[in-house]
Amino acid sequence: MIAIIGGGAAGMMAAIVAGQNGAKVTILEKNEILGKKILISGKGRCNITNFCGPKEVIANTPTNSRFLYNSLFQFNSFDVVDFFNRNGLETKIERGNRVFPVSDNAADVVKILAAKLKKIDVTIIHQTAKDILKVGKIFAVKLANGEVLRAEKLIIATGGKSYPGTGSTGDGYKFSRKFGHKINKFKPSLVPIETTEKWVTELQGLSLKNASIKIYDANNKMVYDDFGEMLFTHFGVSGPLILSASSHLRRIENHKLIIDLKPALTEEKLDIRIQRDFAENPKKQFETVLKLFLPKKMIPIFIKFTEISAKKQVNQISKTERKRLLYLFKNLEIKLSKLRSIKEAIITSGGVDVKEINPKTMESKIEKNLFFAGEIIDVDAYTGGFNLQIAWSTGFVAGKSASS
């Protein structure tokens, strides 16, 4: 019998593959429902995967990406989409090759997986695993209700420590250490960032769809740059650009974020456009003309930083003032203070050291018949469906290997 601790994406995929191979499988899930983290992923829509080849997934995985070669080539993103389509879930591809259910409802993803588990007679026990022993060749999992589940093979798919409300409370680390595994230091990844400036909070709720960002460290060395969507919050900044940036930031003290609000235009072309718009609206006030360039919430911030009077007619704005405005469009600077708590992180960076796991099978190199899948492993990727793809792929390989 194969016991799987964790009924999330990786655990369910492992159970489905093992069950289809004829193995008797039991999932232990501490929550009252399966796939609790799937239900909140992609803002409740579930970004199932990214519709791209293994090499692109690897390129979007900053931590231990080489470990994934085997699992991604055994079960890639095209296989994931095919799996869900064949089992009745219609999917669609959106910007950045992100794959979602046509229904935009993450619950439909969980329903497909749960129905498949039921069809192949996988047993689901909604209990917390409190401890694991190994007596001879048998794993004995002690449950919260006092019962003991015995299995010849064990797959740990408990997730990391992010979003603890979904059940990812770090239990898997404790179990892994018990069998001699090294747990690499974990930190929040794909997490919003707090900022120093108070004016940022005035922009709360404002989303920039096409911004370019650069992040510089204390030595003024650029450590990250990207283009896309970001969001201002009551504590700082968030959104896809910022979440991906957080994957690169092991330290954040004295870092600064530079936002280019007009990335499609060079400084020279933007200056020409500003002069043209000023010339076409010579008698209009500065704050009025700024509406041609900026979201309404940003206008007071720009007026403050350029030190140009809001009521000043644009035909009276000097070249020096115009250059200050131009610079601000291309270099809006925000000082970063810290990453938000791991409780708000989409994923955990850190976990079971990949050097102690066979990448072809997901089996422990230390303890025979012990396997790992999903976020418990020290591998994490950028936002855009890549982390769920890692869960599907490692779960697939763990289930296949444990049942062979």
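**Exercise 1.** Determine whether Tyr69 is buried or exposed, or in between.

*Solution.* Tyr69 has a relative accessible area of 34%. Buried means under 20% relative accessible area, exposed over 50%, and partly exposed in between (1.4 Å probe, protein chains only); Tyr69 is therefore partly exposed. The model is predicted: local features need pLDDT of at least 70, side-chain atom pairs count only at pLDDT 80 or more, and totals for chains, interfaces and linings use all residues. Residues are numbered from 1 along each chain as its sequence is written, and side-chain values use heavy atoms, with hydrogens and water left out.

**Exercise 2.** Classify the pair of Phe75 and Phe396, and locate both residues.

*Solution.* Rings of Phe, Tyr and Trp (its six-membered ring) pair if their centres lie within 6.5 Å; planes under 30 degrees apart count as stacked, over 60 as edge-to-face and the rest as tilted. For Phe75 and Phe396 the centres are 4.4 Å apart and the planes at 0 degrees, a stacked pair. Phe75 belongs to the loop between α4 and α5 (77–86), and Phe396 to helix α13 (residues 386–402). The pair thus links distant parts of the chain, 321 residues apart. Helices are DSSP runs (H or I, at least four residues), numbered from the N terminus. Both Phe75 and Phe396 are buried.

**Exercise 3.** Which residue lies over the face of Phe100?

*Solution.* The criterion requires NZ of Lys or CZ of Arg within 6 Å of the ring centre and within 35 degrees of the ring normal. Arg45 lies over the face of Phe100, at 3.8 Å from the ring centre. Lys256 lies over the face of Tyr216, at 5.8 Å from the ring centre.

Key:
Helices (H or I, at least four residues) and strands (E, at least two) are DSSP runs, numbered from the N terminus.
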